[in-house]
Amino acid sequence: MKTSRLVLLIAIIAAVVSCGQRKSDVDTRVENILRQMTLSEKIGQMNQISVGGEVSNYAGAIRDGQVGSILNEVDPVKVNEYQRLAVEESRLGIPLLVARDVIHGFHTIFPIPLGLAATFDPQLVEEGARVAALEATAQGVRWTFSPMLDIARDPRWGRIAEGSGEDPYLDARMAEAMVYGYQGRTADSTSMAACIKHFVGYGAAEGGRDYNSTLIPEHLLRNVYLPPFEAAVKAGAMTLMTSFNDNDGIPSTGNKYVVKDILRGEWGFDGLVVTDWNSMGEMINHGFAADRPEAVKKAVAAGVDMDMMTYGFIGHLEEMVRRGEVKESQIDAAVRDVLRVKVKLGLFEHPYINIEEGAAVQYAPEHLAAAHKSAEESAILLKNDGVLPLKDGLRILVTGPMADAPHDQLGTWTFDGEKSHTVTPLKALEERFPGKVIYVPGLAYSRQERDNFSDVVAAARRADVVLAFLGEEAILSGEAHSLADLNLIGSQSELLKALKATGKPVVATVMAGRPLTIERDLENCSAMLYSFHPGTMGGPALANLLAGDVNPSGKAPVTFLRTVGQAPMYYNHNMTGRPYSGELLMKDIPLEAGQTSLGNTSYYLDYGAYPLFPFGFGLSYTTFSYSNIGLDKEEYKANDTISVTFTLANTGSREGTEVAQVYVRDLVGSIARPVKELKAFERVSLAAGESRTITIGIPVSSLAFYGLDGKYGVEPGSFQLWVAGDSASGEPVEFEVL
Ligand code: NOJ
C-alpha cells in the first residue's frame with residue numbers, strides 16, 4: 001500500500017467509522033482527505049463520467065484520481081471493479097459515487113412520480129423510495145437523480161410525469177418523503193443520496209416546450225417554485241442538480257443568485273451541487289458564455305461542485321487556477337461538498353457490494369407489494385355511473401393498447417425495470433375473473449390509427465361489460481417529450497366511441513404520463529379510472545380497483561384541462577381584477593353584438609373559466625360528507641396553531657378512504673394572493689356509515705409568504721379556510737391573524 005493511502009486510511013479509521021456520523025466528524029474527515037490532495041485530484045472529484053463501455057476505457061482516469069462519480073453503470077461486477085480501481089489503485093483511495101436515474105423504482109417500478117403524488121400518502125411514497133434505495137444500493141448505486149421537484153402547471157410539458165404536479169405544498173411533502181426514503185432515516189449502507197432537481201423553475205418552460213426559457217419573477221419563484229426545494233434541503237437532501245432553463249436570461253448552472261445566495265446562503269445547504277447533463281456546456285448555446293472556459297468559470301462562480309458530461313472542469317479548471325482566474329479556495333469548497341457526501345454515505349467503509357446478496361434483493365415480494373399498494377392508491381376515479389365496481393359473473397371484453405403493454409405501463413425514466421416482470425391488466429384480470437375475459441386489443445399501441453373496429457365491436461356484443469385500457473406509450477412523456485395536443489392519441493377516442501355505440505357499459509382506464517384532455521372520451525364511457533403509468537404491479541392494482549376489492553382513493557395532483565388551449569390553468573392562481581362570474585359564452589353572443597368589455601371577466605369565450613376536474617378531485621365507490629367545520633378561535637397570533645375540526649362521514653355503503661384537504665386564502669396582502677392554497681391534507685379511512693371528528697393543526701407560520709420588498713412573513717388580516725374533498729368544493733370559514 002502506498003504511504004499516502006496508508007496515511008489516509010489511518011485518518012479515516014481515527015475518525016468515526018460508521019455512517020451515522022456527527023457533522024463535525026464528517027468535516028474533520030473531509031479536511032484530512034482534502035489536505036492530501038493535489039489540485040488535479042481535487043478537480044478529478046468534481047468530474048462525473050457516464051460509462052457504457054469496458055472498465056479498461058475508464059481505468060486510467062479512475063486510477064489517476066480524475067473521476068469523482070460515474071453515471072449509468074449498474075452491472076454490479078463492473079461497479080465493484082470501478083470501485084476497486086478507485087479505492088485500491090488510485091493514490092488516495094477515494095471511492096466513487098455511482099449514480100443512476102432511479103426515478104420511480106429501480107427494478108421494481110412504482111407509479112410515475114405524478115401518480116405517486118396522486119396518492120397524497122407521503123408515508124407510502126417514503127416506503128417506495130426506500131424500496132428503490134434497497135434495490136439500487138444492493139447493486140452499488142449510491143446516488144439517484146431524484147426527486148424532481150419542479151412545479152408543473154402545463155401538461156404539455158412531458159416532464160410533468162416526473163414530478164408531483166402543480167402544488168408547492170403537496171410537492172414539498174412528497175419531496176421530504178422521497179428524501180427520507182432514498183437516504184434512510186438513519187444512514188447506512190442502503191442509503192442512496194437524493195438529488196433534488198432541477199434547480200430551478202424548469203417546469204415553467206414557456207409553452208410547455210422542454211428546455212425552453214422561463215420567466216419567473218421573484219415573488220413567484222419564492223412563493224411557488226422554491227418551497228419544495230427548501231423543504232427537501234431541511235429534510236437533509238444530500239445533493240441538488242441545476243436545471244437546463246434560463247430564467248429571465250440566466251441559465252441556472254451559472255446562476256449565482258439561486259445557487260450561492262439562496263441555496264447555500266439563505267438555506268445553509270452544504271451538499272453537492274451537480275450540473276444537469278452538459279448544462280454547463282449548454283450555457284454556450286444559451287449565449288451566456290462564449291466558450292467552455294467561460295462556462296466553467298461561471299458555473300464555479302455560481303457554486304457548482306460537479307460537472308455532469310460537459311468535461312469542462314477536467315479540461316480547463318487546473319489551468320484556470322494556475323492563471324489565477326479561479327481561486328483554489330473555490331475548488332476546495334466544491335471538493336468538500338463532494339467528499340462530504342461520500343463520507344456521509346459510508347462509502348469509505350463500504351465501497352463494495354456483495355453481488356449475490358444484491359441480486360436476491362431485486363423484486364423482493366415486499367417490494368412488489370409496496371409497488372402494488374402505491375399503484376392502487378395512485379389511481380383516480382374520474383367518473384362512475386354505477387358500472388364500477390364490476391359485478392361478479394360478467395363476461396368481460398378487455399381491449400385497448402394499454403391492456404397488455406408491459407413496457408409502456410412502466411412509464412418514463414424506467415432504465416432498470418424489466419417488462420418481463422410487469423403484470424399487465426389483462427393478465428391480472430384473467431386471474432381475477434377466470435374464464436370470463438375475452439381479449440381483443442383493437443389497437444396494438446397508443447399511436448396506431450385505425451378506421452374500422454369491427455372485430456372489437458363484435459366482441460363487445462358478446463360481452464356484458466367492456467374494459468378499455470387507453471393512454472400514452474411510456475415514450476410520449478418525460479424528458480424532451482412535450483406535446484401540443486393532449487387528446488388521446490391515434491384512434492383511441494374512435495375506439496371508445498365505437499364501443500359506446502354497442503350499448504354495452506364501457507369502462508375506460510387511462511394510463512398516461514400527464515393529465516390528458518379527455519372530456520369527449522368521458523362522454524363515451526360509463527366510468528373512467530385514471531391511473532397515470534402505474535408501474536410493475538399496475539395490472540393487479542387496477543384489477544383490484546375495477547373489481548372493487550380496493551376502493552379508489554387517488555386525487556388529482558394537477559388540474560385536468562378541458563382543452564389544451566386552457567393551459568396553463570391551475571387552482572392556486574392569483575385573484576384577478578375581474579374574477580369569473582359566469583358571463584356569456586360564445587354561443588350566447590348575439591350576431592353583430594356591439595363592442596363591450598364592461599362586466600366581462602377572466603375566462604374563455606369558448607371554454608369558460610373552469611377545468612374539467614380541479615386539483616384534488618377524485619371519486620370513490622362510496623361517498624363522503626364534510627360537516628361541522630370549525631376553528632378553535634376566531635383570531636390567531638403569529639405563533640399560534642390553527643386547530644381545524646370537522647366531521648367526515650362515509651355516507652355510502654362501502655369502506656373507503658378520503659383525502660381531506662384544507663385550503664386557505666389570505667384575503668388581502670402586500671401583493672395579490674392566490675385564490676386558495678393547500679395547507680394540509682389527511683387520508684382518512686372510514687367504514688360504511690362511519691363518521692369521525694378530525695382535527696388538523698395548521699401553524700399560523702405556514703401562512704407566511706414573500707410579500708412586497710421581499711419581506712417574508714405572515715401578514716395580519718382576514719383569511720378564509722376550506723375543508724373539502726377537492727380544491728373547488730366547500731364553504732369557507734373565516735379567521736383573523738392579528
Ligand atoms: C438529464 C435530465 O434532465 C436529468 O433529470 C437527469 O437526471 C440527467 N439527464 C441524468 O440522466
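Buried means under 20% relative accessible area and exposed over 50%, with partly exposed in between, as judged with a 1.4 Å probe and protein chains only. By that scale Asn278, at 23% relative accessibility, counts as partly exposed. The structure is a predicted model, in which local features need pLDDT of at least 70 and side-chain atom pairs count only at pLDDT 80 or more, while totals for chains, interfaces and linings use all residues. Residues are numbered from 1 along each chain as its sequence is written, and side-chain values use heavy atoms, with hydrogens and water left out. Helices (H or I, at least four residues) and strands (E, at least two) are DSSP runs, numbered from the N terminus.

**Salt bridges**

- A salt bridge is taken here as a side-chain nitrogen of Lys or Arg within 4 Å of a carboxyl oxygen of Asp or Glu, and a search of the whole structure finds 46 of them.
- In general, side chains of opposite charge can pair when their charged atoms come close.
- Arg63 pairs with Glu89 in a salt bridge whose closest N and O atoms are 2.4 Å apart. This pair links distant parts of the chain, since Arg63 belongs to helix 4 (residues 55-63) and Glu89 to helix 5 (residues 76-89), 26 residues apart. Arg63 is partly exposed at a relative accessible area of 36%, and Glu89 is also partly exposed, at 26%.
- Asp416 and Arg100 form a salt bridge with 2.8 Å between the closest N and O atoms. Asp416 lies in the loop between strand 12 (396-399) and helix 18 (425-432), whereas Arg100 lies in strand 3 (residues 97-100), so the pair ties together parts that are 316 residues apart in sequence. Asp416 is buried, with a relative accessible area of 9%, and Arg100 is buried with a value of 9%.
- Within helix 17 (residues 365-378), Lys373 and Glu377 are four residues apart, about one turn of the helix, and their side chains meet in a salt bridge of 3.5 Å from N to O. Lys373 is partly exposed at 41% relative accessible area, whereas Glu377 is buried at 8%.
- A network of salt bridges links Lys23, Asp27, Arg264, Asp270, Asp305, Asp337, Arg340 and Lys344.

- The axes of helix 2 (residues 23-35) and helix 15 (residues 328-344) come within 9 Å of each other and cross at roughly 125°.
- The crossing of helix 2 and helix 15 is right-handed, a term used when the near helix is turned clockwise from the far one by less than a right angle, with anticlockwise giving left-handed.
- Helix 9 (residues 218-225) and helix 11 (residues 256-266) have axes that come within 14 Å and cross at roughly 50°, which makes helix 9 oblique to helix 11. Their crossing is right-handed.

- Trp267 sits in the loop between helix 11 and strand 9 (272-274), where Trp267 counts as buried at 15% relative accessibility.
- The C-alpha atoms of Trp267 and Lys234 are separated by 8.2 Å, although these residues are 33 apart along the chain.

**Backbone geometry**

- The peptide bond joining Lys197 and His198 is cis, with omega of about -5°, and His198 belongs to strand 5 (residues 195-199).
- Ala567 and Pro568 are likewise joined by a cis peptide bond, with omega of about -10°; Pro568 is in the loop between helix 22 and strand 17.
- Asp248, although not a glycine, has a positive phi of about 50°. Asp248 is located in the loop between strand 7 (246-247) and strand 8 (250-251) and is exposed, with a relative accessible area of 57%.
- Asn278, in the loop between strand 9 and helix 12 (282-285), has a positive phi of about 60° although it is not a glycine.

Note on methods:
Axes fitted to C-alpha atoms, helices over the stretch in contact; angles between N-to-C directions. Parallel < 35°, antiparallel > 145°, perpendicular 65-115°, else oblique.
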